[in-house]
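This report describes the strand arrangement, the helix packing and the aromatic contacts of one protein. The structure is shown first.

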Amino acid sequence: MKRFFSLFLLLLLLLCSGCSAPTVGDTGTFNEFFAMDTIMRVTVHGDAGEPAASAAREEIERLEKLLSRTLPDSQVSQLNAHAGEEDAVALEGDLISLLTFARSLSADLDDALDITIAPVMDAWGFTTDHHQIPTQAQLDALLPLVDCQTLEIDPQAGTARLPNAGMAVDLGAVAKGFAAGRAESVIRAAGADSALLDLGRNITAIGVKPTGEPWRVAVQDPQDSNLYLGVLALTDQTCSTSGGYERYFEEDGVVYHHIIDPSTGYPAHSGLLSVTVVSPDALLADALSTALFVAGPERALDYWRREGGFELILCGEDGVVTATEGLEDAFAFQGEDGGYTYEIARR
Ligand code: ADP
Ligand code: MG
């Protein structure tokens, strides 16, 4: 399902950007690979294209080895393996800063985002793809373990500690955005200034297309993979989309998806079908798309009104697509075919 959507998105990207898949030495370098449980595509234009694309891929693969909790040797797995023990675990600076960021954003958002959601993800079988519906008793036993504010981080010592046995960190909501931000830096450092990164629904546009126009990225209709809500023009920005349609299972006609409300342990049901965040900060875009999907439309717009640094496209269950005013020119709404109506939210 995930791969299908990624391929579909690529097709739309190619259609919308009006360019065919570039090859080395032609219009740029195109590098496609599988990492962080998704298909990733890195396209870099210009003379530095080839080394820049390779360096970006290496950086993403390095971060996967650090951040994945399904790779037993990763640093996240080390942290999780020592949960509840007295001694803190020594971690690389990258992981310390990502943990610190996620804990602080969680506090800002009343725990809609919680990277210690791992035990609940496991109970639903999302980690292994052997899906099941946990009992309320199971969830009641696991929910006290979900509290990232208790994660102890010592940036000076470079250590972190999960205070209770059974706690575990899952960076699924933020790892791709973190990797996108780092890949972006690596590409710029290699001297390239025109590139597009597609890290599984996290699309990072570096500079502009070789034609001088902004990159164009389609936002998918969460209810119909053949349609889209509209097209975004992006320059030096990431757009990240989260929605229940991305990864889910169905039982007795009920859909259970992979974004969990930490306050209930159940898939979030906040009135939104998808949230797209546009920001110059790739990590913020990824983290917020997950968090605001859980938080729901009112809290999402409240947060947007309070904070700067990002814009939103909210697709509501009521069929209303809402874009925040900063996207008024950059987003071309095309959701009429899917039966959506369109509104602009103002500050
Ligand atoms: P995807 O990674 O599928 O593109 P997201 O960025 O929205 O989509 O991240 C979803 C992932 O985040 C889940 O698969 C899970 O690993 C993790 N997750 C689910 N619910 C939460 C939550 N409330 N807070 C933090 N992480 C979550
Ligand atoms: Mg996310």
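This is a predicted model: local features need pLDDT of at least 70, side-chain atom pairs count only at pLDDT 80 or more; totals for chains, interfaces and linings use all residues.

## The open sheet

Nine strands make up an open sheet with mixed pairing; their order is β1-β2-β6-β7-β10-β13-β14-β15-β17. At its edges stand β1 (29–35) and β17 (341–345), each of which pairs on one side only. From one strand to the next, the twist averages 10°.

Within this sheet, strand β10 (residues 237–243) runs antiparallel to strand β13 (residues 272–279), and 6 bridges join the two. In this pairing, Cys239 stands opposite Val278 of β13.

Helix α2 (residues 49–67) touches β1, β2 (38–44) and β6 (195–199), and its direction makes about 10° with that of β1. Helix α7 (residues 175–189) touches β2, β6 and β7 (202–206); the direction of α7 makes about 160° with that of β6.

Strand β8 (residues 215–221) is largely enclosed by the rest of the structure, because 6 of its 7 residues are buried. Strand β9 (residues 224–234) runs antiparallel to β8, and 7 bridges join the two. Asp221 has Asp224 in β9 as its bridge partner.

Gly177 lies in helix α7 and has a relative accessible area of 1%, so it is buried. Leaving aside residues up to four places away in sequence, Gly177 touches Asn202, Ala282, Leu283 and Asp286. Gly177 and Ile203 are 26 residues apart in sequence, while their C-alpha atoms are 9.1 Å apart in space.

## Aromatic pairs

The whole structure holds 8 aromatic pairs. One of them is formed by Phe249 and Tyr256: the ring centres are 5.3 Å apart and the planes lie at 25°, so the pair is stacked. Phe249 is buried at 7% relative accessibility, and Tyr256 is buried at 13%. Both residues belong to a cluster in which ring pairs link Trp124, Phe126, Phe249, Tyr256 and Tyr266.

The rings of Phe333 and Tyr342 are also stacked, because their centres are 4.6 Å apart and their planes are at 5°. Phe333 counts as buried at 15% relative accessibility, whereas Tyr342 counts as partly exposed at 28%.

## A charge over a ring

Arg347 lies over the face of Trp304, at 4.1 Å from the ring centre.

Terms used. Residues are numbered from 1 along each chain as its sequence is written. Chains are lettered from A and ligands numbered from 1 in the order in which they are written. Side-chain values use heavy atoms; hydrogens and water are left out. Two strands pair if DSSP finds at least two bridges between them. Helices (H or I, at least four residues) and strands (E, at least two) are DSSP runs, numbered from the N terminus. Axes are lines fitted to C-alpha atoms, for helices over the stretch in contact, and angles run from 0 to 180 degrees between N-to-C directions. Contact means heavy atoms within 4.5 Å. Buried means under 20% relative accessible area, exposed over 50%, partly exposed in between (1.4 Å probe, protein chains only). Rings of Phe, Tyr and Trp (its six-membered ring) pair if their centres lie within 6.5 Å; planes under 30 degrees apart count as stacked, over 60 as edge-to-face and the rest as tilted. A charge sits over a ring if NZ of Lys or CZ of Arg is within 6 Å of the ring centre and within 35 degrees of the ring normal.
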